[in-house]
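Let's take a friendly walk through a protein together. Have a look at the sequence and the 3D view, and then read on.

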Amino acid sequence: MPIVVDIDVMLAKRKMSVGELADRVGITPANLAVLKNGRAKAVRFTTLAALCEVLDCQPGDLLRWEPDGPGDGTGTGTVTGNGNGNGNGTAQESGASVPAGSSPR
């Protein structure tokens, strides 16, 4: 995923444990671990704001974008099917955005 979470870097700089951060932010250590390890699909702005307040940092100190390398599912390539559900034909995948609440696949 091109979004990298650097909570562990800020924890080290602040000499704070995951458990202490979770307590001070008001989330479970398990949910913080999901976010910290890059397995989260989303983060609430209220949670991000609380993390920034406790860690005395900006959102950009916790999140950064890194482009994916070639051939790793970045949105280019051939997709089979013509969109009508019968599986006939081929189409070039455009990498267009998916509306909020929709599944990209």
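This is a predicted model: local features need pLDDT of at least 70, side-chain atom pairs count only at pLDDT 80 or more; totals for chains, interfaces and linings use all residues.

Residues are numbered from 1 along each chain as its sequence is written, and side-chain values use heavy atoms, with hydrogens and water left out.

**Overall layout**

The protein has five helices and four strands. Here helices (H or I, at least four residues) and strands (E, at least two) are DSSP runs, numbered from the N terminus. Starting at that end, the order is β-α-α-α-α-α-β-β-β.

The accessible surface is about 7,500 Å², and carbon and sulfur atoms account for 52% of that surface; such areas come from the Shrake-Rupley method with a 1.4 Å probe, and for residues only the protein chains shown count as cover. Of the 105 residues, 22% are buried. Buried means under 20% relative accessible area, exposed means over 50%, and partly exposed lies in between (1.4 Å probe, protein chains only).

**The core**

Which residues touch the most other members of the largest nonpolar core? They are Ile7, Leu21, Leu51, Leu55 and Leu62, in a core of 19 residues. Helix 1 (7-14), helix 2 (18-25), helix 3 (29-36) and helix 4 (45-55) each provide at least two residues of this core, and helix 4 gives the most, with six residues. A nonpolar core is a set of buried Ala, Val, Leu, Ile, Met, Phe, Trp, Tyr and Cys residues joined through side-chain atoms within 4.5 Å.

Beyond its neighbours within four places in sequence, Ile7 is in contact (heavy atoms within 4.5 Å) with Leu21, Leu32, Leu35, Lys36, Leu51 and Leu62.

A disulfide is a covalent bond between the sulfur atoms of two cysteines. The whole structure has zero disulfides, counted as pairs of cysteine sulfur atoms within 2.5 Å.

Asp56 sits in the loop between helix 4 and helix 5 (59-62). The C-alpha atoms of Asp56 and Arg14 are 9.0 Å apart, although 42 residues separate them along the chain.

| Residue | Relative accessible area | Class |
|---|---|---|
| Cys52 | 9% | buried |
| Cys57 | 9% | buried |
| Asp56 | 62% | exposed |
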